[in-house]
Amino acid sequence: MKATQLLHDLGQSLWRHSLNPLGRHHDMLLANVFAQTEALAFGKTAEQVKAEGTADPLVPHRVFEGNRPSNTLLLDRLTPGALGKLVALYEHDVFTQGTIWHIDSFDQWGVELGKVLAQRIIPELEGAAEPKLGHDSSTNALIRRYRKLRATR
C-alpha cells in the first residue's frame with residue numbers, strides 16, 4: 001500500500017510531512033504533492049462523491065474524512081542550514097506533543113537502553129582490530145559497513 005493511501009485510509013489523525021526541494025522537479029510531481037495536502041486537509045464528503053455520479057456501492061470507498069494535518073515544505077536547496085531548521089522543526093513537534101501528552105519526549109526508557117547498548121558498540125567502531133561481534137545480524141552488518149566505509153576515507 002502506498003504511504004499516501006495509508007494516510008488517507010487510517011481511521012486516525014496522523015501528521016504528514018512532505019519535503020520537496022525546488023529545482024528540477026516536474027510541475028506534475030509538485031501538483032500531486034499539493035493535491036495530496038489539499039485532500040488530507042479537506043477530504044471529500046459522500047454528497048460530493050454522489051454529485052460526481054459515482055455508483056452507490058462505490059461511494060464509501062471514495063469518501064475521505066479530511067482534517068488530517070500536514071506540512072508541505074518547499075526549499076530552494078537542501079543546505080546544512082535548511083536541514084538544521086528541519087531538525088529544529090521536528091524536535092519542536094516532538095517537544096510540543098510530549099508536553100500535551102504529559103511525557104518527557106527526550107528521556108524515554110528506550111533511549112536509555114540505547115545509551116547503554118551504545119557503550120558496547122563504541123569500542124567496536126573505534127578499535128583498530130576487527131571486533132568479534134555478538135549483536136543481531138542487522139546491528140553486526142551496520143557495524144561492519146561503517147568500519148569498511150571509515151577505512152576507505
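The model is a predicted one, in which local features need pLDDT of at least 70 and side-chain atom pairs count only at pLDDT 80 or more, while totals for chains, interfaces and linings use all residues. Residues are numbered from 1 along each chain as its sequence is written, and side-chain values use heavy atoms, with hydrogens and water left out.

Let's begin with confidence. The score called pLDDT is the predictor's confidence in each residue, from 0 to 100. Here the chain has an average pLDDT of 83, and 82% of the residues score at least 70. Among the elements of the chain, the lowest mean pLDDT, 49, belongs to helix α1 (residues 3–9), and the highest, 96, to helix α3 (residues 46–51). Where pLDDT is low, the predicted coordinates should not be read in detail.

Now for the layout. You will find seven helices and two strands in the chain; helices (H or I, at least four residues) and strands (E, at least two) are DSSP runs, numbered from the N terminus. Their order along the sequence is α-β-α-α-α-β-α-α-α. Of the 153 residues in the chain, 17% are buried. In this text, buried means under 20% relative accessible area, exposed means over 50%, and partly exposed is in between (1.4 Å probe, protein chains only).

Which residues of α5 are buried? They are Ala82, Leu86, Asp93 and Gly98. These residues cover an arc of only 155° around the axis, so they sit on the same side of α5; the arc is that of the directions from the helix axis to the C-beta atoms. On the other side of α5, Pro80 and Lys85 are exposed. After α5 comes His102, which has a positive phi, near 60°.

Next, look at Thr54, in the loop between α3 and α4 (59–62). Thr54 is buried, at 13% relative accessible area. Its side chain reaches the backbone oxygen of Val49 at 3.2 Å. Thr54 also touches Val59 and Arg62 as well as Val49, leaving aside residues up to four places away in sequence; a contact means heavy atoms within 4.5 Å.

Finally, turn to the charged pairs. The structure holds four salt bridges, each being a side-chain nitrogen of Lys or Arg within 4 Å of a carboxyl oxygen of Asp or Glu. One of them joins Arg68 and Glu65 at 3.8 Å, N to O. Arg68 is buried at 7% relative accessible area, whereas Glu65 is exposed at 63%.

Another links Lys115 with Glu112, with the closest N and O atoms 3.3 Å apart. Both lie in helix α6 (residues 109–126), three residues apart, about one turn of the helix. Lys115 is partly exposed at 45%, and Glu112 is partly exposed at 27%.

A further salt bridge pairs Arg147 with Glu130, whose closest N and O atoms are 3.9 Å apart. Because Arg147 lies in helix α7 (residues 137–151) and Glu130 in the loop between α6 and α7, the pair ties together parts that are 17 residues apart in sequence. Arg147 is buried at 10% relative accessibility, while Glu130 is exposed at 56%.

Technical notes
Polar contact = N/O pair within 3.5 Å; in protein donor to acceptor, adjacent residues only side chain to side chain.
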